[in-house]
Amino acid sequence: QVQLVESGGGSVQTGGSLRLSCVASGYTFSSACMGWFRQVPGKEREGVAVIYSDVAGTYYADYADSVKGRFAISQDNAKNTLYLQMNSLKPEDTAMYYCAARPYVTSCSRSAGFGYWGRGTQVTVSS
């Protein structure tokens, strides 16, 4: 079955960096749309970034406006691992971050339905 396991969260000060990782199994990793989402208690879940490839193998990424220029999503197909490099972190980035997968698609967006989710990793940014 599909499994997603996140790691890399932690506590940092404003302006710091973290890299989140998500190891995937149970499906063809390179053929999925992968995404990072975050949620703060009492607020709606936010799509942070997604990455996918089209039928020609060209990769595309889409970011929330709040993280553009600071976060970068990437994946290593040989390691079945998704990453989220987070730089210039702000207190408003504090949230539980979730990895999500939408297998066997060639287009995707942050508002698409993702059927598989990890358990999350906490990111806390202090001022």
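Tutor: Helices (H or I, at least four residues) and strands (E, at least two) are DSSP runs, numbered from the N terminus. By that numbering, Ser88 is found in the loop between β8 and β9 (95-103). This is a predicted model, in which local features need pLDDT of at least 70, side-chain atom pairs count only at pLDDT 80 or more, and totals for chains, interfaces and linings use all residues. Residues are numbered from 1 along each chain as its sequence is written, and side-chain values use heavy atoms, with hydrogens and water left out.

Student: Why is Ser88 called partly exposed?

Tutor: Buried means under 20% relative accessible area, exposed over 50%, and partly exposed in between (1.4 Å probe, protein chains only). Ser88 has 42% relative accessibility, so Ser88 counts as partly exposed. Ser88 also has a positive phi of about 50°, although it is not a glycine.

Student: What makes the pair of Phe37 and Phe114 edge-to-face?

Tutor: Rings of Phe, Tyr and Trp (its six-membered ring) pair if their centres lie within 6.5 Å; planes under 30 degrees apart count as stacked, over 60 as edge-to-face and the rest as tilted. By this rule there are five aromatic pairs. For Phe37 and Phe114 the centres are 5.1 Å apart and the planes at 70°, which is edge-to-face. Phe37 lies in strand β4 (residues 32-39) and Phe114 in the loop between β9 and β10 (116-117), so the pair ties together parts 77 residues apart in sequence.

Student: Why is Phe37 called buried?

Tutor: The relative accessible area of Phe37 is 5%, so Phe37 is buried.
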